[in-house]
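Visitor: Please take me through the surroundings of the ligand in close detail, with the criteria behind each term.

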Amino acid sequence: MDAILTAAETLPPGLFNLAGMIGVGFYLGSYLLLQAAVIKGTGYLYPALNLTASALVLVSLVTNFNLYSAIVQISWIVISLGGMTRRYIAHRRIRFTDEEEALRQHMLGGLEPLVARRMFDRAEWVDVEPGRDFVTQGEPVDALWVLWDGAVDIIVEGTRITTMPAPTFVGELSVLNGEPSIGTARATDRTRVLRLPVKELQAVIAGNQATRLQLEGLLSRASRYKLGNANLRIARFLATGEGEAGPPRPGLDQPARGPQAAPAQPG
Ligand SMILES: Nc1ncnc2c1ncn2[C@@H]1O[C@@H]2COP(=O)(O)O[C@H]2[C@H]1O
């Protein structure tokens, strides 16, 4: 400690004040960014900013010592380092199959690995024969289906209104608002899907506002695409008497790549 104080005396005192000011800036800036939802408290950035802030304020105390402030700064450093270490160890253990990783990137918007792992652990992969219904019009939906290979017919009042090729969500409208299904979704080919029960999905997002918002955004975007495509079909039908809206627009309206380049099928 004496050595530190002796070394500190050789430096201009303004330097310590500057360190303190920058530290305060880091403290306030990181908290502001967190509250403004610009950064997440669950990543590395927030504890790293806090670590920097506390280290700088601690440095400033060398010339203006205050015991209580020193205790706070040291505690902050220990807590930040502890949190980052815990996160690193937890992340290092996470593994995904190639299929899970591809789905995480292309359908789940690169969902945070820990959350995605929890989700996959609560979901099941199902290989479905043609003709199987995932959801039935007018009935409650108990799971979100992520169609990863194959295709589904969407049937309303007994009439096929479109065919959705993989990758796509099925049942997302009911999952979003809890209402009964607006159509029946029936596998047209041998289809591979990830089935995520609604209760399990709720358990994953419980208390995790950022994940809830991210997933709601993904499902809303998928719904918007489907509505846009349905509108196109209606417009073309009204204009020409033909009901085809053309294929989905990969990369624009739905993820660019699936497990295989599934041919887009007109509705
Ligand atoms: N016009 C449409 N185009 C594509 N998919 C649809 C369309 N209408 C309904 N679906 C899908 O069929 C599902 C039926 O259950 P949901 O209403 O929960 O969610 C619906 C969508 O996933």
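Guide: The answer below begins with the ligand and then turns to the protein around it. The model is predicted, so local features need pLDDT of at least 70 and side-chain atom pairs count only at pLDDT 80 or more, whereas totals for chains, interfaces and linings use all residues. Residues are numbered from 1 along each chain as its sequence is written, and side-chain values use heavy atoms, with hydrogens and water left out.

The ligand is surrounded by 18 residues, a residue being near when one of its heavy atoms lies within 4 Å. The closest are Gly171, Glu172, Ser174, Ser181 and Ile182. By class, the shell comprises 10 nonpolar, five polar and three charged residues (Ala, Val, Leu, Ile, Met, Phe, Trp, Tyr, Cys and Pro count as nonpolar, Asp, Glu, Lys and Arg as charged, and the others, Gly among them, as polar). At least two shell residues come from each of strand E5 (159–165), strand E6 (168–170), helix H7 (172–177) and helix H9 (209–240); helices (H or I, at least four residues) and strands (E, at least two) are DSSP runs, numbered from the N terminus.

A cis peptide bond joins Ala166 to Pro167, with omega about 0°.

Phi of Ala37 is near 60°, a positive value in a residue other than glycine.

The structure also holds 12 salt bridges (a side-chain nitrogen of Lys or Arg within 4 Å of a carboxyl oxygen of Asp or Glu). One of them joins Glu124 and Arg195, whose closest N and O atoms are 3.6 Å apart. Because Glu124 lies in strand E1 (residues 124–128) and Arg195 in strand E8 (residues 191–197), the pair ties together parts 71 residues apart in sequence.
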